[in-house]
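Visitor: I would like to go through this model with you, one question at a time. Could you show it first?

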Amino acid sequence: MTTKVQMPVTTSEKMGSTDASASGVSPVLTLVAGWLVPGAGHALLGKWVRAALLMASIVGMFAIGIALQGKVYTPNTGEPLDMLGFAGDLGSGLLYFVARVLGWGQAPVLVAVADYGTKFIVVAGLLNIVAAVDAHSLASGRKQA
Amino acid sequence: MNLSHFSAVLLFSLFTSIVFGITQRAEPKKMMRFGAFCFVLFVAGTVAASWVMWLIKP
């Protein structure tokens, strides 16, 4: 007497690949590249249009935030809201470090529009994290290309 | 640079909707539809919230 046992199918097997990486590009590499440079994760996967749109959106949002004289948060201020703002800003990757090195966003926020700028900068960082995780999901086969 | 409140809303909604559309859907057609849906929700939600604030002001 024989018993049929059905084994669970992994995501990579469903996609027709037995590799850990469905695309041939390391998922971790796409995650890190996408974090450092907006859209770079999708560019590594050959998704050029998506990469260009993501880069234009995230860099555009960050640049508008700086142009509106928004605040770029710094670590170790001791204020919980500043820490959250710093975590959001850090999501922009290299853009954040460039802004810090060049001294952008260090002026005090005095008008409502500058406060909008602060939010633009934080949200640009958060959107970049979403984009980098999406690139990771595409590379690992978790999301269909 | 100086933006009106409404133009800031439009820019915020545009950029955010593009990223949401690309990352939350798998096919290009669905990406565009979801991005447009998010954009309309962002703008309409802001306008609606503005009217609510105007109505409840003391």
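Guide: Let us begin with two helices of chain A: α4(A) and α7(A) are roughly antiparallel to each other, a label given to angles over 145 degrees, whereas under 35 counts as roughly parallel, 65 to 115 as roughly perpendicular and the rest as oblique. This is a predicted model, in which local features need pLDDT of at least 70 and side-chain atom pairs count only at pLDDT 80 or more, while totals for chains, interfaces and linings use all residues. Residues are numbered from 1 along each chain as its sequence is written, and chains are lettered from A and ligands numbered from 1 in the order in which they are written.

Visitor: At roughly what angle do the axes of α4(A) and α7(A) cross?

Guide: Axes here are lines fitted to C-alpha atoms, for helices over the stretch in contact, and angles run from 0 to 180 degrees between N-to-C directions. The axes of α4(A) and α7(A) come within 7 Å, and α4(A) passes α7(A) in a left-handed crossing, meaning that the near helix is turned anticlockwise from the far one by less than a right angle, clockwise being right-handed. The crossing angle of the two axes is roughly 160°.

Visitor: How do the residues of the contact of α4(A) with α7(A) divide into nonpolar, polar and charged?

Guide: Two residues are in contact if their C-beta atoms, placed from the backbone, lie within 7 Å. By that criterion α4(A) brings residues including A:L54, A:I58 and A:M61 to meet residues of α7(A), among them A:F120, A:I121 and A:L127. With Ala, Val, Leu, Ile, Met, Phe, Trp, Tyr, Cys and Pro taken as nonpolar, Asp, Glu, Lys and Arg as charged, and the others, Gly among them, as polar, the contact divides into 12 nonpolar, 4 polar and no charged.

Visitor: Which pattern does chain A follow along the sequence?

Guide: Helices (H or I, at least four residues) and strands (E, at least two) are DSSP runs, numbered from the N terminus. Chain A has 7 helices and 0 strands, and residues 24 or more positions apart account for 70% of its contacts with a separation of 6 or more. Read along the sequence, the pattern is α-α-α-α-α-α-α.

Visitor: In the loop between α4 and α5 of chain A, is A:N76 buried or exposed?

Guide: A residue is buried if 20 or more other C-beta atoms lie within 10 Å of its own, exposed if 12 or fewer, and partly exposed in between, with C-beta atoms placed from the backbone. A:Q69, which is found in the loop between α4 and α5 (80-90) of chain A, has a positive phi of about 65° although it is not a glycine, and with 22 other C-beta atoms within 10 Å A:Q69 is buried. A:N76 lies in the loop between α4 and α5 as well and has a positive phi of about 65° without being a glycine. Since 8 other C-beta atoms lie within 10 Å of A:N76, this residue is exposed.

Visitor: Which element gives the largest share of the side of chain A that touches chain B?

Guide: Between the chains, 20 residues of chain A are in contact with 13 residues of chain B. The elements that give two or more residues to the side of chain A that touches chain B are α4 and α7 (112-140) of chain A, and that side divides into 14 nonpolar, 3 polar and 3 charged residues. The largest share, 9 residues, comes from α4(A).

Visitor: How are α4(A) and α1(B) oriented to each other, roughly parallel or roughly antiparallel?

Guide: Helix α4 (residues 48-67) of chain A and helix α1 (residues 5-24) of chain B have axes that come within 10 Å and cross at roughly 150°. Residues of α4(A), including A:L53, A:S57 and A:I64, meet B:L11, B:F15, B:I18, B:V19 and B:I22 in α1(B), and α4(A) passes α1(B) in a left-handed crossing. The two helices are therefore roughly antiparallel.
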